[in-house]
Amino acid sequence: MLLKIVQVGDPVLRNGTRPLTREETRSTEIQQLIEWMRETMRDAPGVGLAAPQVGLPLRLAVIEDGGEAPAIERRPVPFHVIVNPSLTPGDGEVTHFEGCLSLEGFQARVPRARSVTVTALDHRGDTVSIRASGWYARILQHEVDHLDGKLYIDRMDPRTFATTRNLARLAPPVPEETEG
Ligand code: ZN
């Protein structure tokens with residue numbers, strides 16, 4: 001089932017999320033939600049989708065990136081789920097154009113940590129530790145921000161904010177299908 005993706009201005013994107021217990025994570029309801037979020041993300045298409053983006057204030061996001069682009073350290077990331085993530089940024093910062101499925105049709109340059117460590121529960125409710133760099137680190141920061149009620153527009157260089165259409169017409173090539 002495809003879920004409706006909430007657009008900017010809806011308070012659910014700003015009000016924060018509540019954690020899930022291990023038992024809840026394993027429940028039929030949450031397993032079903034994960035499946036629907038996977039379908040919705042693939043259909044969009046996007047490389048990440050957080051529960052608030054489908055109207056639910058839960059600390060859960062799904063991620064999958066099939067893309068590859070050495071220039072931005074983008075490598076394929078298999079489908080996975082992060083529940084109750086806590087993120088620690090590493091050293092170094094990189095700035096790239098970034099989009100969001102909840103801000104349809106826009107992009108901006110956003111500085112992000114080049115690497116991160118994330119501790120979370122996986123789809124089985126087991127604790128996992130993820131070390132990521134490059135584009136995957138950016139996706140993780142973008143999704144954890146969603147769970148904290150933040151959007152990329154809170155961190156962007158505002159003078160680079162542009163429609164995706166104008167970027168394609170006027171600006172140097174930007175990464176494609178990078179919305180989360
Ligand atoms: Zn987003």
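A: Lys and Arg count as positive and Asp and Glu as negative, with His and the chain ends not counted; the place of a charge is NZ of Lys, CZ of Arg, CG of Asp or CD of Glu. In the protein chain, 21 positive and 25 negative charges have mean positions 4 Å apart. The model is predicted: local features need pLDDT of at least 70, side-chain atom pairs count only at pLDDT 80 or more, and totals for chains, interfaces and linings use all residues. Residues are numbered from 1 along each chain as its sequence is written, and side-chain values use heavy atoms, leaving out hydrogens and water.

Q: How many helices and strands does the protein chain have?

A: Helices (H or I, at least four residues) and strands (E, at least two) are DSSP runs numbered from the N terminus. The protein chain has four helices and eight strands, in the order α-α-β-β-β-β-β-β-β-α-β-α.

Q: Which strands form the open sheet?

A: Strands pair if DSSP finds at least two bridges between them. Three strands form an open antiparallel sheet in the order S4-S5-S8. Its edge strands, S4 (93-99) and S8 (162-163), each pair on one side only. S4 and S5 (residues 106-113) are joined by seven bridges, and Glu98 stands opposite Ala108 in S5.
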